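Hi everyone, thanks for coming. Let me put the sequence and the model up, and then we'll walk through a few parts together.

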Amino acid sequence: MRLFTTLRGASLRHDLIAALTLAALALPEQLATARLAGLPAAQGIAVFAIASLVMVLLARDRVLSIGADSSTAPIIATALVAAAVPGSAALLAALVGGILCAVALLKLEGIARLLSLPVAAGMMGGIALHILVGRLPGALGLAVTAGSPLATLGSVWQAADAIRIAPLALTLLVAALCLAGRAVSTRFPAALVALGAAVALAAWQDPDASIWPRVETLGNSWGLAPPSFSADAVLSLLPVALVIAFLCLFQTTAILREGHSDAPSDRRNAIGALGVSNLAAAAIGGFAVNASPPRTAILRDAGATSQLAGLGAAVIALGVLGLAPEVLTLVPSAALAGILVFVALHVFPWRSFVMLSRHSRAEAGIALTTTALVTVLPLQTGLPLAILLSFLHATMPLFATQVVRLSQVPGTTIWWHRPAAEGAEGAPGLLVLGLTAPMNFVTAEGIVAEIRAFVACAPERPTLLVLECAGLLSLDLTGAAALKALIEESRSAGTTVALARVESDRALAQLAQGGVLEVLGTDRVFDSVAEAVGALKTLAPQEPSALFPGI
């Protein structure tokens with residue numbers, strides 16, 4: 001792996017402008033995201049800085065930004081509450097980094113594409129809802145610990161008498177300013193301006209923090225704790241680490257695809273650099289990091305030419321906190337809640353949901369189901385179930401059964417499924433059916449039932465049944481047994497069965513291994529339907545030559 005790749009041909013002037021632009025967003029965003037992860041706000045700047053340094057060393061992509069991320073922060077927070085052991089955040093980051101590095105080294109980056117669009121949209125929607133609901137206590141001025149969305153809503157309901165309007169107003173004001181600024185220009189530092197306005201308002205109207213409580217701090221400590229390795233801790237955090245690593249894979253792939261740098265080698269480098277960034281964050285006692293869509297977009301829009309822009313933004317943020325550490329004590333908790341509300345609204349995949357609702361109600365239903373799973377259940381449970389749902393969604397077409405009737409295209413030797421010709425009368429005694437799915441333990445019974453239904457509905461019992469097998473990609477032992485039974489049943493009823501267009505080498509081998517060809521006869525397997533019909537016209541006992549005039 002080459003070092004400092006992005007520095008070749010870099011423009012310091014453009015990178016400095018991009019760094020200032022990014023710092024305006026990254027400073028308040030990283031502070032807020034660290035709080036979202038249940039950790040000291042300043043720790044967000046620490047992991048952002050170390051990740052930016054790693055990216056300068058290892059990354060090929062000039063604008064990919066790594067740091068604390070709002071999509072993984074709620075998962076980290078939930079895991080830390082369950083672990084309740086010092087150093088758990090760093091251990092989780094080390095596990096995530098190890099998994100990502102293994103994926104890059106083993107060239108398994110393609111698994112990120114297994115997450116379907118509906119499930120991905122539902123996952124991001126659920127995470128956005130987690131962020132929104134988790135900020136309610138701070139936005140309403142309640143001393144309530146945020147948990148799962150349902151638990152948080154229940155706690156807020158019980159403490160409804162203590163709700164205060166002032167923190168809610170400040171949260172909504174900051175969120176509105178961020179949204180307005182983004183509407184004006186993606187380069188406008190709306191988050192920094194909104195945060196500065198909130199700090200000034202709080203210092204003027206509420207110097208003793210009685211109206212707007214300030215961000216909690218740990219004195220001069222940033223809460224960095226080295227990882228505490230133990231077998232029990234590793235085993236308890238490993239499922240969560242796998243979920244976070246998969247999210248990192250998906251999100252990084254999506255960002256690279258958006259930037260048209262999605263070649264396998266580019267993905268592998270980005271995922272490897274992200275893995276090393278997590279290991280570096282663990283080494284300093286920080287929490288897991290991820291690629292960020294909004295920060296990457298800002299660097300791209302600002303004209304960044306190298307990873308120096310991200311490192312420069314991190315240095316600026318560190319400088320602000322190093323020279324003026326008391327700045328955190330001036331930030332109202334409601335202001336950071338407002339920034340996170342803005343982040344949640346930005347993360348929520350509005351366009352994907354609209355597109356899915358227009359394109360496919362079934363896929364829109366999968367997206368909504370995923371959102372419900374991720375929202376109602378704890379994230380460490382809901383996200384694995386959502387990923388499982390993605391795999392099921394990807395394999396659903398393999399288990400869908402549909403047998404279609406084929407008819408000859410006039411004037412050709414082509415047999416095709418033509419729904420408009422379903423009612424047309426074909427050659428007497430001939431039935432040609434197309435198999436559109438593999439025959440396995442799930443589909444075999446349905447496929448055979450549909451074939452029997454077509455035979456039963458024919459005007460007269462077919463003397464020749466041709467099964468066009470272009471869609472038969474595979475055949476397990478259950479499918480082979482069902483097909484053999486159908487052939488023997490048809491033969492006893494006076495119907496010859498033939499197979500045509502078995503294009504899959506796997507399916508052809510499995511037909512032989514499963515004993516289908518032995519029962520059927522290899523002379524009943526043809527390259528085309530027309531060849532099968534022409535060859536079987538003279539076969540006894542059906543005498544199809546008299547039944548298929550002109551064929």
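**Domains, confidence and a helix pair**

The domain assignment divides the protein chain into domain 1 (12-396) and domain 2 (400-537); such bounds come from an automatic or database assignment. Between the C-alpha centres of domain 1 and domain 2 there are 54 Å.

A word on what you're looking at: this is a predicted model, where local features need pLDDT of at least 70, side-chain atom pairs count only at pLDDT 80 or more, and totals for chains, interfaces and linings use all residues. Residues are numbered from 1 along each chain as its sequence is written, and side-chain values use heavy atoms, with hydrogens and water left out.

How confident is the predictor? On pLDDT, its confidence in each residue from 0 to 100, the protein chain averages 84, and 92% of the residues score at least 70. Over residues 540-551, though, the pLDDT is below 50; beyond near neighbours in sequence, that stretch has 24 contacts in the model (contact means heavy atoms within 4.5 Å).

Now my helix pair, H18 (residues 444-457) and H19 (residues 477-492): they pack at about 20°, with axes 9 Å apart. Helices here are DSSP runs of H or I, at least four residues, numbered from the N terminus. Axes are lines fitted to C-alpha atoms over the stretch in contact, and angles run from 0 to 180 degrees between N-to-C directions. H18 and H19 are therefore roughly parallel, a label for angles under 35 degrees.

Who meets whom? Ala444, Val448, Ile451 and Arg452 in H18 meet Thr478, Gly479, Ala482, Leu486 and Glu489 in H19.

Notes
pLDDT = per-residue confidence, 0-100. Helix = DSSP H or I, 4+ residues; strand = E, 2+ residues; numbered from the N terminus. Parallel < 35°, antiparallel > 145°, perpendicular 65-115°, else oblique.
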